[in-house]
Amino acid sequence: MTWGAYLVYGRGINPQVGARVARAAAAIEADPPPWLRDWIPSYDRIFIEYDPRSVDAGAIAGWARSLEAGEGLEGRRVEIPVHYGGLDLPEIAERTGLSPEEVVRLHAGTEYRVYAVGFTPGFPFMAELPEALRLPRRAVPRKRVPAHAVGIAGVQTGIYPQESPGGWNLLGRTLVRVYDPHRARPFLLEPGDRVRFVPREGDPPGPPEAVELLGAGEGAAVLEVLEPGLLTLPVDGGRFRAGRFGLARSGPLDARSLGVANRLIGNPPEAAALELNLVGPVLEARAGVTVALALQDAHGSMRAWARTLRRGERLDLRTLSGGARAYLAVPGGLALGRFMGSVSPDLKGRIGRPLRAGDRLQAATARSGLRRTARTWCRGGRAGSEVVLRLRPGPQAGAGALEALLRGRFRVAAADRMGVRLEGAAVPGGEVTSEGVPLGAVQVPPGGAPMLLLADRGTIGGYAKPAVLHPADLARAGQLREGDRLRFVLDPAARAYDVLEV
């Protein structure tokens, strides 16, 4: 279980405050305590995730005050070529009362400080933008911002390293990659760097090649993929202590089902397995192998089984009943390559990929710890009835927003690994200074449509987060399908995220 807190070093976007944050973040990186799951610096604070069973808020406060305040490193000066034009440039010019040429001159004529890297892998948060160019984020974020787009929002400017959702106003596109996982130094920019944009003509680069993790491990080939399914991914417990680079936690959307599948055949609960999304794969056994499958629905009803396949036997998993995702485990876990400590893909970061026809899956061990075939059922709510999820107060827990969430009724408009978009009752939201985003946050942009943020969320964001899902309900949220209906209740033992002034 994971919970979070904010270590606050000042208010707003300020070079002196940013320097304090940078020094504290460097001290954490030099000696992270064992209970710390992740840390995400931003403009004026550091968001930390921790194991609440191992440390309490009082001990965290003492630790935060004891962080060494060293001198820090002087950042580099970096020039980035940009092809300005198209996208939102005409609209930006109209809204600011400037010509497009004046917008470009002002944006490119300023040196910016990199305060943080996050949201998506390599996305640099930079300030301060000339006052004449300061515009709010879009009321409704785009579902797709093109890779290498240069955006502005409030006093900030930034670069979208790859295609992703986003709500900033777009001026043009860079002619270099600010993130490439194949480079020895994947992230072009780091906090403390100074950046100038240089207007140039040219075409933006294509996306980097994905880092291959399938087939990079050592083990016996036990399954061959005949049909890959809709989005079948290898996952383990997730990628920890990488949020400061913008890398997603990834891992399973339903950690409970992953753990059940693994335990059925004697694996550790976070051993690497397959996550099946809506439509699963068709697999053929390359050798005799025991497999286990588990899935629950969004109410918590669990179904699980294990069986031994003979060589040449096919396993057809194209039809999943219950929730949106199931988990298939093999003895010892899948043998895969790792990136920053995890086999889980980060699809925005071009790390790993879904299964393809012809892939051969390797097991870490040849034998299973299974003693008998097992079926388990845990009864939850009725199929088709409202899903009920528990909330705790979030970083921006205003009374109006919490009341709207608790009184409203919602429908799932769309769901993927980044999160669940809801429609229904409008919830008061808005912009905040960009900061670390908790896993399970209920994020509400100015348009008022809430979104539950899941395993592939952006690590830094600038929208209000009035509530956070109870950690034990994240697995059920990961099983929501489009069209599901849900409501929220307040966790009776609700504890707000700590905001610790340092």
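Helix 2, residues 57-66, has four buried residues: Ile-60, Ala-61, Trp-63 and Ala-64. Buried means under 20% relative accessible area, exposed over 50%, partly exposed in between, with a 1.4 Å probe and protein chains only. The four cover an arc of only 165 degrees around the axis, so they sit on the same side of helix 2. That arc is taken from the directions from the helix axis to the C-beta atoms. Gly-58 and Arg-65, on the other side, are exposed.

A word on the source. This is a predicted model, where local features need pLDDT of at least 70 and side-chain atom pairs count only at pLDDT 80 or more. Numbering runs from 1 along each chain as its sequence is written, and side-chain values use heavy atoms, leaving out hydrogens and water.

What do the buried residues of helix 2 pack against? Strand 1 (3-8), helix 1 (15-30), strand 2 (36-41), strand 3 (45-50) and strand 31 (498-501). Contact is heavy atoms within 4.5 Å. Helices (H or I, at least four residues) and strands (E, at least two) are DSSP runs, numbered from the N terminus.

Next, Gln-443, in strand 27, residues 441-444. Buried or exposed? Gln-443 counts as buried, because its relative accessible area is 13%. Leaving aside residues up to four places away in sequence, Gln-443 touches Ala-449, Pro-450, Met-451, Leu-453, Tyr-463, Ala-464 and Lys-465.

Last, Leu-278. Leu-278 is in the loop between strand 15 (273-277) and strand 16 (282-285). Its relative accessibility is 39%, so Leu-278 is classed as partly exposed.
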